[in-house]
Amino acid sequence: MAKGIKFLGTGSYVPDFIVTNDMFAEFLETSDEWISTRTGIKSRPINTDKPNYYMGVQAAKKAIEQSEISPLDIGLIIVTTVNPDFYFPSMSCLIQHNIGADNAMAIDVNAACTGFIYGVDMARRYLYTDDIDYVLVVSSEMLSNQVNYADRSTAVLFGDGAAATIIARDENKLYSSFLGAKGEDGTLLSCRVKYVNTSPYKNEEAIEEFLGDKFKDINPDFIHMNGREVYKFAVDALPNSVSKACEKVGISPDDIDVLIPHQANLRIIEKAVSNLKIPMEKVFVNLEKHGNTSSASIPTCLDEMNRKGLLKENQKLCFVGFGGGFTYGAVIVEL
Ligand code: ACO
């Protein structure tokens, strides 16, 4: 038995306020030409006046509406994010309350930009091992909270947004996944929590000493990235994940009809895809107008494709991503 899944509905939320490359050039030493040629990004939406969870709620409501289920039918809500509004309550609890999913468990997952892929895989496992019929996966990201707008090498890359999907079982459809992590390189792409300590018993120096040199250059609060090392990791992890997920179900990357990669950077996507020998016509890309929205990037593409009527019965769809941690993974779903 294939034990696959189906997407009953999708939704996304894109903030209205759009920051173009030229707008960055007004306060940073950068240009549209540099950003476009290095990344493929032209503009990105930024959420200026709402908390992160608001975006997740809007995306979730659209996915539920399209699914034609009641919020009360949802048994599990998985929210993926790297910038929750609160340490607790979790984003998933905030969204659960705001959509009226009174019968749902609610958990947040942080697998950085690979979050949606981890979320889908977790959803499937719950669907086949518990009394849960519908899982809501929401990826809601507000990178503008974590980006240092004085740092041209990261500020230009990211956008804000959220996307959601309702997932159910479909026992006759093919499914495969390959997920992994490489924590040893975690500091190459990181964002440190800065606690305000008032405890008279806390020894900050001892904590810093314990963390050691590897962490000492990481500025608290902001995204810290070694772009070149992240690039090298990504162009290896993406094709490897797709190949491994294919191998597990005895298909080849050629058999994939649509590839939705994490929308970090067009050069990374083109390189990864050429390593897999998949033609770019099979690859969905929307980063030109969204930037990198971390775990929201893949489900935002999924919703765009769905609403444009580009998803067809029996297509083999592959999501593939990489992210801070490092994390990586691919999921293959037969529609
Ligand atoms: N405008 C103008 N110049 C810039 C900018 C900018 N926005 N950003 C960096 N530069 C400069 C640097 O300061 C450097 O100048 P220097 O040579 O005088 O020191 C020069 O451009 C080259 O910098 P590099 O970082 O080496 O540029 P590179 O060619 O590697 O491109 C990039 C940078 C696009 C970030 C690339 O490393 C990359 O694609 N990395 C992958 C990282 C990525 O996409 N991360 C996304 C987030 S992670 C995730 O989604 C999981």
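In which helix is the place of Arg-228? Arg-228 sits in helix α9, which covers residues 227-248, where helices (H or I, at least four residues) and strands (E, at least two) are DSSP runs numbered from the N terminus. The model is predicted, so local features need pLDDT of at least 70 and side-chain atom pairs count only at pLDDT 80 or more, whereas totals for chains, interfaces and linings use all residues. Residues are numbered from 1 along each chain as its sequence is written, and side-chain values use heavy atoms, with hydrogens and water left out.

Arg-228 has a relative accessible area of 67% and is therefore exposed, given that buried means under 20% relative accessible area, exposed means over 50%, and partly exposed is in between (1.4 Å probe, protein chains only). Although Arg-228 and Leu-188 are 40 residues apart in sequence, their C-alpha atoms are 9.5 Å apart in space.

A salt bridge here is a side-chain nitrogen of Lys or Arg within 4 Å of a carboxyl oxygen of Asp or Glu, and side chains of opposite charge can pair when their charged atoms come close. Lys-232 and Glu-229 are three residues apart in α9, which is about one turn of the helix, and Glu-229 is partly exposed, because its relative accessibility is 29%.

By this rule the count comes to 10 salt bridges. One of them joins the side chains of Asp-133 and Arg-169, at 2.4 Å from N to O. Asp-133 lies in the loop between α5 (115-129) and β6 (135-142), while Arg-169 lies in strand β7 (residues 160-170), so this pair ties together parts that are 36 residues apart in sequence. Both partners are partly exposed, Asp-133 with a relative accessible area of 39% and Arg-169 at 26% relative accessibility.

Helix α12, which spans residues 297-307, is mostly covered, since eight of its 11 residues are buried; among them are Ile-298, Leu-302 and Met-305. Glu-304, by contrast, counts as partly exposed because its relative accessibility is 22%, and its side chain meets that of Lys-308 in a salt bridge of 2.9 Å, N to O. Lys-308 is exposed, with a relative accessible area of 53%, and just after α12 Gly-309 takes a positive phi of about 75°.

The next stop is strand β12 (residues 316-323), where Phe-319 lies. Phe-319 counts as buried because its relative accessibility is 0%. Leaving aside neighbours within four places in sequence, Phe-319 is in contact (heavy atoms within 4.5 Å) with residues including Phe-7, Phe-116, Ile-260 and Val-331, and also with Ile-298 and Leu-302. The C-alpha atoms of Phe-319 and Ser-36, which are 283 residues apart along the chain, are separated by 24 Å.

Val-193 has its place in the loop between β9 (189-191) and α7 (204-211), and Val-193 is partly exposed because its relative accessible area is 39%.
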